[in-house]
Amino acid sequence: MLFKTSIDYRKNALLKLLVSIEKHEKEINQALYSDFKKPEFESYLTETYFVLSELKHTIKNINKWAKPKMVLPFLLNFPSTDYLYKEPYGKVLIISPWNYPFHLAMLPMIAAIAAGNQVVLKPSELTPNTSKLISKIVGEVFDKNHVEVIEGGIEVSQNLLAQQWDYIFFTGSVAVGKIVAKAAAEHLTPVTLELGGKNPCIIDEKANLKLASKRIVWGKFINAGQTCIAPDYLLVHELIKEEFTKYLIDEINAAFGENPEASKDLCRIINEKNWTRLIKMLDNQKIIFGGKNSKDDFFISPTIIDEPSLNSLVMQEEIFGPILPILKYSSEDDLDNIILKFEKPLAFYIFTEDKRLSKKLIQKYSFGGGSINDTLIHFSNNRLPFGGVGKSGIGAYHGKFSFEQFSHKKAIIKKANWLDIPIRYAPYRDKIKFLKRILKWL
Ligand code: NAD
């Protein structure tokens, strides 16, 4: 059955969601804390606030985004009026990950609803408290035929992927992204894939070292490094490496104290599997700071590794945890040799006061998005698209880009009947000469 919603219906549904999220704010914090001890500050900033802000932005702009747009006509079609209509795809499947479990489930869901789709959302099984709460909120706010949450693990996800959808939006690992893309190909279903990668972070000799270290420590250790756009490894100019490393250690101490396990501002690794994966990365490495860990509560302290081999585990896989390798470089060739060894990353960071260098490097390398002299913040402006390139993802969202992502763009030309230029109709005879003369002027 055809499912259609008016703009007013969608707006009202999103307003109800906004009220419900505000009402459940404390429960959201509690769920995130139960799942992996996420600090309240981070829960508010990176989850609830972000979702509320996107909701408000969407509600404010939905009429404008949904309206058919008139575009300039093509003169050959004269006289015509040309339009671009946005149409919902239909039934959309959203599969989300655990690392920002509220935010990364809600954001695509809001956009899919705004664009007029029916939604089935499968949140992550690794954050059961948050997923349960998402299910409760969605159940309270939406008609089940409009938006439904289906909780469960890999099997549930695979069963959903075996069905036919009109659009699939997936956030998660590259490996599962490939499984999703294969399942989508079966029905030629369009997809958005928000994936991961190894994000380089360059600290040039002309960087403000103290400020750079503060901003890197924030971006790397927020969510205990379990952030898709966290700096994965640092490339530090050899002339300033020693000085910069000292600043880095000072900043970690300032943020989490001498005993980070007791800090209330550092969340835990999500589960034993990921904790073990990260601990293995420390094998045979030169740990110059941190390295403390405890299996009991899946804790790993902020850890710095010096000059790991490019063939070591920590430099082969996306780290996705509080481990930060530092590599030195002395020339742009060194940077090429390391950065280009990896697939196109989701994020890229360069710290320098040298504007020419930052401009050159952001244009030289291909990556999803990035920041100059900071980390993560390119994610926060909903006037910028967020997404990967190559193996770090397909498609992008946030703000208007999200609405576009969940809409099929329909081209419509309305031809007027008061004039019918005969040149295009057969018999063509020698009309080609005349046609060429006209086309020269178009
Ligand atoms: P994941 O790929 O293991 O799981 C994501 C979702 O896929 C979950 O809902 C899970 O149930 C489902 N899933 C897992 N295995 C599956 C399978 N075999 N078949 C079908 N479905 C399956 O990812 P994760 O561990 O939850 O998240 C971490 C990864 O996600 C990292 O690589 C990170 O970089 C990436 N990530 C990317 C973004 C982004 O916006 N680009 C954001 C967050 C996380």
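**Figure 1. Strands E2 and E20 in the predicted model.** In this predicted model, strand E2 (residues 80-88) and strand E20 run antiparallel and are joined by nine bridges. E2 and E20 belong to an open sheet of three strands, with the order E1-E2-E20 and antiparallel pairing. Strand E1 (69-71) and strand E20 (407-415) have a single partner strand each and stand at the edges, so one side of each is left without a neighbour in the sheet. From one strand to the next, the twist averages 30 degrees.

**Figure 2. Strand E3 and its partner E4.** How many of the five residues of strand E3 (residues 91-95) are buried? Four of them are, so the strand is largely enclosed by the rest of the structure. E3 pairs with strand E4 (residues 118-122) in the parallel sense, and five bridges connect the two. Leucine 93 has valine 120 of E4 as its bridge partner.

Figure 3. The loop between E4 and helix H5 (128-141) contains leucine 126. Is leucine 126 buried or partly exposed? Leucine 126 is partly exposed, because its relative accessible area is 30%, and a residue counts as buried under 20% and as exposed over 50%. Apart from neighbours within four places in sequence, leucine 126 is in contact with Trp98, Ile270 and Asn271. For orientation along the chain, leucine 72 can be compared with this residue. Leucine 126 and leucine 72 are separated by 54 residues in sequence and by 50 Å in space, C-alpha to C-alpha.

**Figure 4. The seven-stranded sheet.** Seven strands form an open sheet with mixed pairing, in the order E10-E13-E14-E9-E8-E15-E16. Its edge strands, strand E10 (286-289) and strand E16 (369-372), each pair on one side only. The average twist from one strand to the next is 25 degrees. Within this sheet, strand E13 (residues 303-306) and strand E14 (residues 323-329) pair in the parallel sense over four bridges. Threonine 303 has isoleucine 323 as its bridge partner in E14.

**Figure 5. The largest cavity.** Rolling a probe the size of a water molecule over the atoms shows where empty space is left. The structure holds two cavities of 30 Å³ or more, and about 50 Å³ of space lies in the largest. Which residues line the largest cavity? The lining is made by Gly197, Asn199, Lys220, Gly225, Thr227, Cys228, Ala230, Pro231, Asp232, Glu318, Ile319 and Phe320. By class, the lining of the largest cavity comprises five nonpolar, four polar and three charged residues.

**Figure 6. The second largest cavity.** About 30 Å³ is the volume of the second largest cavity. Its lining consists of Glu54, Thr58, Trp65, Leu107, Ile110, Ala111, Ala114, Gly399, Ser402 and Phe403. Helix H3 (40-66), helix H4 (103-114) and helix H14 (399-405) are the elements that give two or more residues to this lining. The largest share, four residues, comes from H4. Six of the residues that line the second largest cavity are nonpolar, three are polar and one is charged.

**Figure 7. The whole chain, for placing the close-ups.** The chain has 15 helices and 20 strands. Its C-alpha trace spans about 85 × 55 × 35 Å along the principal axes. Of the 442 residues in the chain, 52% are buried. Among contacts between residues at least 6 apart in sequence, 71% join residues at least 24 apart.

Notes. Residues numbered from 1 in each chain as written. Predicted model: local features only at pLDDT ≥ 70, side-chain atom pairs only at ≥ 80, totals over all residues. Heavy atoms only, no water. 1 Å grid on protein atoms, 1.4 Å probe; cavity = no way out; pocket = protein on both sides within 12 Å on 5 of 7 lines; lining within 4 Å. Points joined across faces, edges and corners; volume = space filled by probe spheres on them. Nonpolar A, V, L, I, M, F, W, Y, C, P; charged D, E, K, R; others polar. Pairing = 2+ DSSP bridges. Axes fitted to C-alpha atoms, helices over the stretch in contact; angles between N-to-C directions. Buried < 20%, exposed > 50% of the residue type's maximum accessible area, 1.4 Å probe, protein only. Contact = heavy atoms within 4.5 Å.
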